[in-house]
Each structure stands twice: as structure tokens, then as C-alpha cells.
Amino acid sequence: MAFFLETLFGGLMTGMLYSLVALGFVLIFKASGVFNFAQGAMVLIAALSMARFSEWIPQWLGLESLILANILAFIISGLFMWLIAIVIERWVLRYLVNQEGTTLLMATIGISYFLDGMGQIIFGSNVYSIDVGMPKDPVFIFESIFEGGVLISLEDLTAAAVSALLVAVLAVFFQYTSVGRALRAVADDHQAAQSIGIPLNRIWVVVWTVAGVVALVAGVIWGSKFGVQFTLSTAALRALPVVILGGLTSVPGAIIGGLIIGVGEKISEVYLGPFVGGGIEIWFAYVLALVFLLFRPQGLFGEKIIDRV
């Protein structure tokens with residue numbers, strides 16, 4: 001039982017990371033009705049920004065405090081993602097208002113390649129590390145219940161707590177703020193939102209900025225665990241099945257979908273992997289997403305989107 005709980009907890013922690021990346025897809029889709037293929041590149045460039053600025057700031061300012069350097073690097077990286085959002089809106093999105101979903105989708109693919117190239121030009125192409133002081137050592141819990149206890153990673157637990165906090169903040173933002181209501185209105189109908197005075201250009205800057213900050217948090221967590229390298233943009237696309245499972249328009253769906261896939265991957269790999277030669281984690285999420293595309297294309301909590309794209 002203890003081993004099963006370790007596998008379950010590990011899956012939940014991985015699932016929260018998937019959910020965090022998937023949130024970026026959902027946020028962009030809710031505001032523009034387009035599937036944002038640039039989200040993986042946004043995670044990459046945000047992580048690169050955090051890694052490099054946390055390295056450069058102590059050299060520039062002569063700081064010895066890791067905490068202060070990381071705080072400044074996070075703020076600067078957040079501003080950098082805001083600047084990227086402005087550039088995307090001003091040079092791309094404003095010329096594509098009310099265009100077909102396919103056109104917007106192709107635009108995000110172009111944005112993805114642009115961000116990948118810009119990241120190499122500005123920050124370099126080596127493998128970088130992010131050290132935000134997350135605890136690395138595992139701990140044992142439930143020792144009084146199970147012999148030897150249950151091994152759990154404090155780093156994964158911290159990452160899950162940060163992810164859960166960010167999700168709660170986003171849920172409040174969407175439901176109870178005027179900007180959040182405007183975002184929902186734009187998602188329902190661009191032309192109707194414009195007709196009642198909602199500035200579409202500002203809304204898109206806001207939502208791309210929020211998605212950029214979400215990508216930054218995901219990039220920091222991912223970079224802290226595995227390092228920052230250019231395969232990160234591809235790794236972030238592992239959240240695609242999460243979005244399909246949970247629903248393109250649902251923030252709670254992104255969370256629950258991530259948890260289901262994270263747990264499903266771990267449990268199937270541990271308990272079924274030995275019988276099929278392993279490697280289930282690589283394809284499990286995509287097979288599950290394919291099943292949903294066939295029988296419930298809107299996902300668990302998403303609305304039907306056929307008429308929107």
C-alpha cells in the first residue's frame with residue numbers, strides 16, 4: 001500500500017506541473033478562440049529569462065543574497081513576458097481580429113518559432129540551471145501507519161503547492177474581477193464584446209501577459225527540477241493531452257485533466273509497464289486524449305467548440 005501511495009503522490013505532483021502548462025493553453029483559447037501552439041516556447045523563453053537574469057543580476061549589482069536575486073529576476077522576467085505580450089498583440093493579433101481560427105493557429109506556430117529563435121539570440125543556447133531554493137531531499141510521511149513510511153519529494157510537494165495557489169488566484173481573477181468578466185465576454189464573441197466597448201487589443205495583451213506569467217512559473221519549477229534547455233519547449237507540449245482531456249475552455253478542467261494524466265502515467269508505467277516492456281509514460285496521455293477526441297471532443301468540462309474554430 002505504501003508503494004502505491006508513493007506512486008500516486010508522484011503522479012499527482014507531475015500532474016500539477018502538466019496542469020500549470022495547460023493553463024496557458026486554456027487562457028489563450030478563452031480569450032481568442034485559438035489553440036496557442038506557442039505556449040511551449042513561452043515556457044522555454046520564460047525559464048531562460050529567469051535562469052539568465054538570476055545569474056546576471058548578482059554580477060551587475062554585486063548581490064550575495066540568492067533570495068533577492070531570484071525575486072528581482074522573477075520581476076524582470078515577468079516584465080519581459082509582458083513586453084512579449086505587447087509585441088504579439090501589436091504586430092500580430094491586431095491584424096487578425098475576427099479571422100478564421102486556422103489563421104490564428106498558424107500565427108501562433110509562427111510566434112513559437114520566433115520565440116525559440118529570440119531566446120537563443122538573447123540568452124544563449126546552453127543548458128542553464130535555476131536555483132530558487134526549493135528543497136531537494138525527499139521525506140518519509142505516514143511512518144506511524146505504514147512500516148518505513150511513504151517516500152515523497154519535498155520539491156514536488158512545493159511545486160504542487162505553488163501551482164495550486166496560482167490556480168486559485170486565476171480562478172478568482174476570472175470569476176470576480178471586471179477584467180476577468182471582459183475576458184469571458186471576448187471569448188464568447190469578439191464582435192459583440194467590441195460593440196459594448198470592450199477594447200480587444202488591451203484584453204489580448206492582458207491574457208497573453210497572464211499566460212506568460214503562468215509560463216514563467218511553470219518554467220521556473222521545471223527548470224529547477226530538470227534544468228533549462230531547448231527541449232523544454234517540446235516537453236511543455238506534453239500538456240496538450242491535458243487540455244484535450246479537461247476541455248479547451250475550462251480552467252478547472254486543465255487542473256483535473258493534469259492530475260488524471262499524471263496519476264495515470266505513473267500507475268500504468270509501474271503496474272503495467274513490466275508486462276509490455278515499459279515506455280507507457282511516453283504514449284499514455286496521447287492515447288487517452290485520442291479516446292476523448294473520438295467520443296467527447298469537448299473534454300470533461302469544456303463546452304462544444306465546433307462553431308468557434
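Three salt bridges are found in this structure, a salt bridge being a side-chain nitrogen of Lys or Arg within 4 Å of a carboxyl oxygen of Asp or Glu. The model is predicted, with local features needing pLDDT of at least 70 and side-chain atom pairs counting only at pLDDT 80 or more, while totals for chains, interfaces and linings use all residues. Residues are numbered from 1 along each chain as its sequence is written, and side-chain values use heavy atoms, leaving out hydrogens and water.

Because they stand three residues apart in helix H2, Arg52 and Glu55 are separated by about one helical turn; helices here are DSSP runs (H or I, at least four residues), numbered from the N terminus.

Helix H2 (residues 39-61) also meets helix H8 (residues 200-226), and their axes come within 7 Å and cross at roughly 65°, where axes are lines fitted to C-alpha atoms over the stretch in contact and angles run from 0 to 180 degrees between N-to-C directions. On the H2 side the contact (heavy atoms within 4.5 Å) includes Met42 and Ala46, and on the H8 side it includes Trp208 and Gly212. The residues of this contact divide into 10 nonpolar, three polar and no charged, with Ala, Val, Leu, Ile, Met, Phe, Trp, Tyr, Cys and Pro counted as nonpolar, Asp, Glu, Lys and Arg as charged, and the others, Gly among them, as polar.

Elsewhere, Leu272 lies in the loop between H11 and H12.

Technical notes:
Helix = DSSP H or I, 4+ residues; strand = E, 2+ residues; numbered from the N terminus.
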